[in-house]
Amino acid sequence: MDPIVLTLGDLREQYLREMALVRQTYERTGDGTAAIRRRSSVVDRLLIETWRRAFAGEPAQGIALLALGGYGRKDLFPFSDIDVLFVFADEKAELRAKERVRAIIQGMWDIGLRASPSSRTVKEAGRLDPDNLEFTLATLDRRFLAGHFPLYQQVHQSVLPGVVLSEWNNITQKLSEIARARHGRFGDTIFHLEPNLKECPGGMRDYHLAAWFALLLQLKETKEWPHQRGQVFQSARGDAEAAFDFLAAARCFLHFRHGRDDNTLDWQSQDEAAARSIGLETRGTADPAYWMRTYYRHARVIYRRAVLLMEHLPAPVSFYRQFRRRRTPIAGTDFLLDQGRIDVAAGAQFKDTSAILRIFALMATHGYTLSQAAEDRITDALPALAIHIPEGPYLWNALREVLVAPHAAHALRTMHALGVLEMLIPEFHGIDALVIRDSYHRYTVDEHTFLAIHKVHMLRQPVHEYEQRLAQLLPEIDRLDLFLLSLLLHDTGKARRTGEHTLQSVEMADSFLARLDFDAEERETVIKLIRLHLEMSNALRRDIFDHENVRAFAEKIGSPMLLKMLTLMTYADIRAVNPEALTPWKAENLWQFYMATANFLDRSVDEERYHAAIDPTLLNRIRSMVPAAQSEGLKQFLEGLPQRYLQTRLPEHIRGHFLLAANLGKDPVQLDLRLHRQLFDLTVIARDRKRLFADVSGALAAWGMNIVKADAFSNDAGVVVDSFQFADTFRTLELNPSETERFLGNMHDVLAQKTSVEQLLVARHHLNHRSNAKVEVETRMEFDSESSTHSTLLQVVAQDLPGLLRQIALALNSHQCNIEAALIDTEGETAIDVFYLTRNGKKLTEEDQRSLAGDMRAAIQSMRVPVRV
């Protein structure tokens, strides 16, 4: 057949006119969805006319023209390629139509259309090409344009459904692999400074991915091609459709702006799109950060929908597993567990939040995911559940169960996406998809928060050397739940966008903590962490080896436990800003600064003491809690106490200690015993005397108590405030509540020197049972007369043995050493005790140190009982 030449100048002019109208209408209305539909219709008319001219009125037997891909969906963006398929009944039909097909393809280019043609015989269309899955995916979105309609019906109703059904597992598996690889190229996150609206997670490709999976699942279930593709993928709330409309408007804007198929939303494009309110319901000018916030919300919807449908694909079932029960009811709920996915039972009714909160706790513990049906049912139930929102300890227990579990971030993200988190914590709503628009903050504020929590849990499986160092601090955090709650709330104040966000976060957190019925100490821990969460980052910007920098930071922190929490908080906060934010160098600086501050806190306990004339703030704060007549007595009590004491106690606790001290005239020994999170906290207020610290340690040893932490302080008036945290090893006080009074009576008599501690030790020697140490700890002693201007520091590292603290205190007393302050700690089977010592008001001489070390080492060596009390 002779070559066919088509004259299509009029069609080209028609196309240019029509596209000019498409652009004008888009710029007037901002409706991207209407623009792509209209361009599809324009191209339909042009191709049908081109086909008519190519065949010149002759019947097109054995050949049909199909629209594929985006064109087949009628989602033809301004500069997108035109995917078409020429289908032939057989090779003879293909040969007969060869020149006409060539003329049509050439005509498409002449008109100004970027043609992307494919040709298949019916036989070829019925085979899957494993190396060209893109073609198979394109055929999922097909429609008839021109030619022999019965041939199209054969391909549409029989051939292509047949190949998809026969190769269903291969197609879905490869589609999942391609999607995961694409997500991996973008870091498996929707958050990018300059996202690609087509390829990025949450972009157009994911919208179509979700639609493909929905179609494939329906095809497998019904064995029929759906009559209307648009009904296959719809969301109950219309959020997926709204997301598509926004992305369509934004992508049309990019195409028109660049004059080509360019889908990268660069920084300048974001500014211009916001200025024109592209994709927004209101016209005018929008803030770029607000516009990007809208984009991320829509991208999140699409990404979640695509991933859920991808995970919904049934896994291959082995011969044995098919006989096992796959759907297991979750006790006390209307949910079912199906191979790691939580589904909802038919006819489920959600009347309260307890079952739903339990589901999120299971997700946090085991990493389970929700099915799309379960997500939709939970979201639909929120208005009814919001009537009875839990508060107080019930809410805190449910939230804590999520926070401390290894997959907490995953569960929190799901709660957030479904609106559950905001229902429980309205303060969190303000940072939903909130954008900090600079080149440093890659993630929105809510995602940054979830990532920070995730980074903390990832320290349980450290990879880098700096992670291995920081991971050592994690088990030392007494209240990991409060620490993680602080992370969850630490940036909520950014929603207000005015003033210092840490102060705003403190205010918002305080209102939430009030609803949890936290006690004063728990509340203060969370509030202080949030208020100080930027302090360590700020200090790292200065010379970390500058003594004044370390001193200033340590004075703000005051507590070793708070320092550990802030170190981990700073690590997680930086790691969650962007993937490159925490360099190995910065991580090393963080650890070095932590060590420097920890050493300073341990070695400067008696260096900084309180004086009301210098700092009346604390005095005035506590003065408001006591009667006016006791104001002067309070001042005398505080005078000379180390700053560490004041910074590690709540004002309410200091007031309580003062009131005890005020009664010393009536009773020279004042005791306060409280149960504090599985540990007993004993406070001793008394006039300083020799062997006081040793007697307290000995009396606790006699009762079989295991001292975990202790500290000792005194004021200028010689009043001692000693605190001992101990475990009731043999549960004596727990199992016999009446013994508490006798325990306190024994303690009082020993300290009042009415009963000899040696007598008590002999009488109760049977309580101290020998146990084998798992790790042998070498006894080490280190003296330091440089760090403190007043005292000599002695650090004792030894095996954690019963009576160890008493033996140390007795050795100190025998050498006439006065304990100015003491910091007692236990790490596993290792005792690490630090004492600030003077002798006759002066530091210890080198001879004093040698003599003391020899006697103390001998005393420790002579001990045989391996449980420290």
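View 1. Strand β10 pairs in the antiparallel sense with strand β12 (residues 719–728) over eight bridges, where two strands count as paired if DSSP finds at least two bridges between them. Strands here are DSSP runs of E with at least two residues, and helices are runs of H or I with at least four residues, both numbered from the N terminus. Within this pairing, leucine 682 stands opposite phenylalanine 724 in β12. β10 (residues 679–687) is also joined by eight bridges to β9 (residues 669–676), and these two strands run antiparallel; here leucine 671 has valine 684 in β10 as its bridge partner. This is a predicted model, in which local features need pLDDT of at least 70 and side-chain atom pairs count only at pLDDT 80 or more, while totals for chains, interfaces and linings use all residues. Residues are numbered from 1 along each chain as its sequence is written, and side-chain values use heavy atoms, with hydrogens and water left out.

**View 2. The open sheet β3-β2-β1-β4.** Four strands form this open sheet in the order β3-β2-β1-β4, with mixed pairing. Because β3 (115–121) and β4 (143–147) stand at the edges with a single partner strand each, one side of each is left without a neighbour in the sheet. On average, and with direction ignored, neighbouring strands of this sheet are turned by 25 degrees against each other. Five bridges pair β1 (residues 63–67) with β2 (residues 82–88) in the antiparallel sense, and isoleucine 63 has phenylalanine 88 in β2 as its bridge partner.

View 3. Strand β6 (residues 335–338) pairs with β7 (residues 341–344) in the antiparallel sense over four bridges, and aspartate 338 stands opposite arginine 341 in β7.

**View 4. Helices α11 and α13.** Helix α11 (residues 239–258) packs with α13 at an angle of about 125 degrees, their axes being 9 Å apart; axes are lines fitted to C-alpha atoms, for helices over the stretch in contact, and angles run from 0 to 180 degrees between N-to-C directions. That angle makes α11 oblique to α13, since angles under 35 degrees count as roughly parallel, over 145 as roughly antiparallel, 65 to 115 as roughly perpendicular and the rest as oblique.
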